[in-house]
Amino acid sequence: MSRETNTPERTLLLSLFEAGLKRVAPDVCLPPHVPEPQTGGRTLVLGAGKAAAAMADAFARTYSGPFEGLVVTRYGHGIGRTIPGIEVLEASHPVPDDMSQQAAQRMLKLAGGLTKGDRLVFLASGGGSSLMSLPAPGLPFMAKQGLMKHLLHSGATISQINCVRKHLSAIKGGRLALAAGQAEVLTYVISDVPHDTAHDVASGPTVADPTTLEHAADILTRYRAPDRALMEALLNNAPNETVKTAPPTWHTRLIATGHDCLKAAEQAAVASGYDVVNLGADLEGDAASLGAEHATLALKLQAEGKRVILLSGGETSVKVTNAAGRGGCNMTYALSLALRLGGASGISALACDTDGIDGSEDAAGAYMDNITLSRAAKKGHDAKKALDENNSYMFFEATGGLISTGPTRTNVNDFRAILIGPRAA
């Protein structure tokens, strides 16, 4: 799982991460919720997200009636084998590509073939917004790609980005469920968003949405989006409003969340003899600022003589000022944490994305301890410069701090664990 020989502290923190991942794996969290087959009618399974292929596989192995379907996941996040009855497509994340369009078009057509007495099962997980992307009428696909690149680098929160996505889409914000007409719609959600708002996961193609065209327009203004005149014209067009009220035939269930992941890690930590401070799975904001804040808290707990593991989750953001830099939110958090701790002994930490991909990198995140800064300095890497230039990946690659899991095929967003012990004498 990692790229460095493990210390006891690193091994412990990795074991907590693994415990959390097991709790939110699709083959664990989905089967208890799979419905009984209906009497008559078709069952159509659609899905989008980094967990979509694994969710489809879990559904196929559990559902006892006939079904057919199509899901789309990120390149490399398939399960490596055929799923009976369900076709798996792969597309680009975090910026959509042509396969994202094709997936959305095909899903709308399939849903449109359903009638009363049929059932649509939608499997939603994080990443689905990019993987299933079809612009609103009048919006060129390249313009939407450019807008997404801009917002992803702007420091906007995921809920803000998804608000814009929903209102500039032909499939999100409940529109896929609308295409299913009078069919029953069952949505199963592995949540990767703070506060587990189902309408934000994959931008809610089968759920009602409380955000508005005005909200989306305000976000574009705040973050100085490109092609403003075109976007504003679309956001002043009432037909681009999202679905506000779900009919009685739409049903949504959260089957795994960041809270579930952290709870499993907490149980594993307690079983290993540690006290736990669980800050929850809804933390947001700037990754570097949060890292510095948690370093201050860790030092305070250490000064109080605590031997504890500090857990947290959620979704942070990074304002990218160096387009050539490498490193996601978790690596940025870990680097900022290390800088603020300044080599303090007795404190180590792991920060990873539960999908196995931190941002767009090939690592899940990073590990840091009291020798991280000194090891980097010996190799000619300045931590402050790396943080300022969005180069946390290169920093941790040099220090041996990268954590590699490969695709986990689930996604409940960030996982952070700080191990706090006494300072060395």
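**Entry 1: D196**

I looked up D196 and found it buried, because its relative accessibility is 16% and buried means under 20% relative accessible area, exposed over 50% and partly exposed in between, with a 1.4 Å probe and protein chains only. D196 lies in the loop between β5 and α9. I noted a phi near 55° for D196, which is a positive value in a residue other than glycine. I recorded the background as well: most residues other than glycine have a negative phi, and most peptide bonds are trans.

**Entry 2: source and conventions**

I am reading a predicted model, in which local features need pLDDT of at least 70 and side-chain atom pairs count only at pLDDT 80 or more, while totals for chains, interfaces and linings use all residues. Residues are numbered from 1 along each chain as its sequence is written, and side-chain values use heavy atoms, with hydrogens and water left out.

I then turned to R409, which has a positive phi of about 65° although it is not a glycine. R409 sits in the loop between β12 (402-403) and β13 (414-420). Is R409 buried or partly exposed? R409 is partly exposed, because its relative accessible area is 25%.

I also looked up the peptide bond that joins H93 and P94, and I found it to be cis, with omega about 10°. P94 is placed in the loop between β3 (86-91) and α4 (98-112).

**Entry 3: the whole protein**

I counted secondary structure next: the protein has 16 helices and 13 strands. Helices (H or I, at least four residues) and strands (E, at least two) are DSSP runs, numbered from the N terminus.

I checked the radius of gyration, which is taken over C-alpha atoms; the globule rule is 2.2 Å times the number of residues to the power 0.38. For 425 residues a compact globule would have a value near 22 Å, and the protein has 22 Å, which agrees. The C-alpha trace spans about 70 × 50 × 35 Å along its principal axes.

Of the 425 residues, 58% count as buried. The accessible surface comes to about 16,200 Å², and 52% of it belongs to carbon and sulfur atoms. Such areas come from the Shrake-Rupley method with a 1.4 Å probe, and for residues only the protein chains shown count as cover.

I looked up contacts, where contact means heavy atoms within 4.5 Å. Of the contacts with a separation of 6 or more, 80% are between residues 24 or more positions apart.

For charge, I found 39 positive and 42 negative side chains, and the centres of the two sets lie 1 Å apart. Lys and Arg count as positive and Asp and Glu as negative, while His and the chain ends are not counted. The place of a charge is taken as NZ of Lys, CZ of Arg, CG of Asp or CD of Glu.

**Entry 4: cysteines**

How many disulfides does the structure hold? It holds zero disulfides, a disulfide being a pair of cysteine sulfur atoms within 2.5 Å. The closest cysteine sulfur to that of C261 is in C352, and it is 10 Å away, so the distance is too far for a bond. C352 is likewise in no disulfide, its nearest cysteine sulfur being that of C261. C261 counts as buried because its relative accessibility is 1%, and C352 counts as buried because its own is 0%.

I looked up L46 in strand β1 (residues 43-48). L46 is buried, with a relative accessible area of 0%. Leaving aside neighbours within four places in sequence, L46 is in contact with residues including L70, V71, M107, F122 and L176. The C-alpha atoms of L46 and G69 are 5.5 Å apart, although 23 residues separate them along the chain.

I255 belongs to strand β6 (residues 250-256) and counts as buried at 8% relative accessibility. Not counting residues up to four places away in sequence, I255 touches C29, L30, H33, M55, Y188, V189, I190 and D260. Its C-alpha atom is 15 Å from that of V207, which is 48 residues away along the chain.

Where is A202 found? A202 is in the loop between β5 (184-190) and α9 (213-222), and it counts as buried at 2% relative accessibility. Not counting residues up to four places away in sequence, A202 touches A48, S125, G128, S129 and K172.
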